[in-house]
Amino acid sequence: MAAFLASRLAKTVYDKFKIKSSEVILWSDSMIVLAWLHSQSTSLQLFVGVRVVEIQATWESDTWRYVPTDLNPADDLSRGIPVTTINKCWMNSPSFLKGGSEMWPSESNEIPPNVPEIKVTKPMFTWRRPSTNTIVDPSRFSNWRKLCRVTAYCFRFVNNVKASKRVHGVLLPEEIESAERYWILSAQEQLGDWKERYKELAPFEKEVIRVGGRLKHSPLSYDNNHPVLLPTEHHISKLVIKDAHNLVRHAGCERTLCETRRKFWIPSGRNLVQKIVRECVTCRKLHQYPYKTLMADLPPERLKVFSPPSQ
Ligand SMILES: [Zn+2]
């Protein structure tokens with residue numbers, strides 16, 4: 001923050017006094033800040049990175065120089081000094097500034113170990129993402145079953161290339177299940193720290209991440225008792241809801257949600273189901289009000305005054 005304020009203050013002075021930018025030198029006694037200013041802003045955490053971007057856009061990196069702590073007048077007041085010595089550095093500026101650049105403190109080439117606020121690059125677990133991911137793009141599919149079948153055919157093709165005995169004919173249930181599991185695992189990578197984030201659901205991992213819940217002793221199927229946990233924002237979650245919605249013949253939100261939860265648990269699923277049902281074209285057609293036509297004018301015979309025939 002000190003460097004950020006110094007940068008803005010220097011910019012104000014620079015604009016007002018029309019100083020040449022090459023004559024501006026900014027000093028910092030923090031090796032960490034200087035390391036940030038000489039690094040890529042994208043490699044820093046957001047708070048620091050945003051400020052470093054502004055500083056780097058305003059000043060060249062060689063504008064910044066290192067000043068040892070004992071020569072830094074800014075430290076005098078913040079650390080406290082006797083009144084008798086306040087006239088030395090604080091009031092009259094450090095002595096090296098009165099001379100030429102040859103009197104300036106030498107630049108320290110020492111790079112501090114473990115610079116804080118540097119983003120830690122997380123390793124990519126590519127073992128969970130086979131190369132089919134680049135071939136099959138789930139966002140281009142609007143049908144969950146079709147996505148699974150296409151993926152299953154891709155897996156079969158890859159296996160046939162590797163194996164001596166090739167498989168032909170219709171897809172086997174285990175092939176489709178394998179493709180389903182692949183996309184579930186792919187979607188669950190978005191769950192992040194699922195143990196902590198969804199701890200109220202008591203999740204556990206058995207091939208895929210499932211909801212623990214309280215139905216362990218229920219006679220229902222394993223999928224019903226422990227539905228698969230899917231992230232709300234992922235496209236796969238939308239596909240499984242659409243599939244459940246088609247399965248219940250475009251019934252309402254609650255029925256669709258109930259069908260989805262027989263196998264999948266999507267946090268904030270009701271909102272997502274409502275959104276998908278609202279956007280469903282078939283439902284819109286089914287629930288649309290009949291078109292009202294504009295009636296023609298009444299004929300004059302119906303509007304004339306007449307006497308009743310019985311009188
Ligand atoms: Zn519908």
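This report covers helix packing, nonpolar cores and a few single residues in a predicted model.

Residues are numbered from 1 along each chain as its sequence is written. Because the model is predicted, local features need pLDDT of at least 70 and side-chain atom pairs count only at pLDDT 80 or more, while totals for chains, interfaces and linings use all residues.

## Helix pairs

Two packed helices are described by the angle between their axes and the distance between the axes. Axes here are lines fitted to C-alpha atoms, for helices over the stretch in contact, and angles run from 0 to 180 degrees between N-to-C directions. Helices (H or I, at least four residues) and strands (E, at least two) are DSSP runs, numbered from the N terminus. A crossing is left-handed if the near helix is turned anticlockwise from the far one by less than a right angle, and right-handed if clockwise.

| Helix pair | Axes | Angle |
|---|---|---|
| α11 (residues 235-247) and α12 (residues 253-260) | within 8 Å | roughly 115° |
| α11 and α13 | 10 Å apart | about 65° |
| α1 (residues 2-17) and α3 (residues 46-58) | within 10 Å | roughly 35° |

The crossing of α11 with α12 is right-handed. On the α11 side, the contact uses Val240, Ile241, Ala244, His245 and Leu247; on the α12 side, Thr256, Glu259 and Thr260. Contact means that C-beta atoms, placed from the backbone, lie within 7 Å. By class, this α11 and α12 contact has four nonpolar, three polar and one charged residues. Ala, Val, Leu, Ile, Met, Phe, Trp, Tyr, Cys and Pro count as nonpolar, Asp, Glu, Lys and Arg as charged, and the others, Gly among them, as polar.

α11 also crosses α13 in a right-handed sense. Here Ser237, Lys238, Ile241, Lys242 and His245 of α11 meet Leu272, Val273, Ile276 and Val277 of α13. The contact of α11 with α13 divides into five nonpolar, two polar and two charged residues.

The crossing of α1 and α3 is left-handed. Ala3, Phe4, Ser7 and Lys11 in α1 touch Arg51, Ile55 and Thr58 in α3. That contact holds three nonpolar, two polar and two charged residues.

A residue is buried if 20 or more other C-beta atoms lie within 10 Å of its own, exposed if 12 or fewer, and partly exposed in between, with C-beta atoms placed from the backbone.

α12 buries Thr256, Leu257, Glu259 and Thr260. Why do they lie on the same side of α12? They cover an arc of only 160° around the axis. The arc is that of the directions from the helix axis to the C-beta atoms. Cover for these buried residues includes α11, β6 (264-265) and α13 (269-279).

In α13, Leu272, Val273, Ile276 and Val277 are buried. Their arc is only 130° around the axis, so they share the same side of α13. Asn271, Arg278 and Glu279 are exposed on the other side of α13. The buried residues of α13 pack against α11, α12 and α14 (281-286).

## Nonpolar cores

In soluble globular proteins, nonpolar side chains tend to be buried together. A nonpolar core is a set of buried Ala, Val, Leu, Ile, Met, Phe, Trp, Tyr and Cys residues joined through C-beta atoms within 7 Å.

The largest nonpolar core has 25 residues. Those with the most contacts inside it are Cys148, Trp183, Leu230, Ile236, Val240, Ile241 and Val273. At least two core residues each come from α7 (144-162), α8 (173-188), β5 (228-229), α11 and α13. Another core lies apart from it, with eleven residues, among them Leu34, Leu37, Leu44 and Val52.

Which residues does isoleucine 241 touch, not counting residues up to four places away in sequence? They are Thr256, Thr260, Leu272, Val273 and Ile276.

## Single residues

Most residues other than glycine have a negative phi. Glutamate 207 has a positive phi, near 70°. Glutamate 207 sits in the loop between β3 (204-206) and β4 (208-210). Glutamate 207 counts as exposed because it has 9 C-beta neighbours inside 10 Å.

Histidine 250 also has a positive phi, near 60°. The loop between α11 and α12 holds histidine 250. With 17 other C-beta atoms within 10 Å, histidine 250 is partly exposed.

Proline 173 is in helix α8. Proline 173 has 8 C-beta neighbours inside 10 Å, so it counts as exposed. Its C-alpha atom is separated by 84 Å from that of proline 82, 91 residues apart along the chain.

Key. Contact = placed C-beta atoms within 7 Å.
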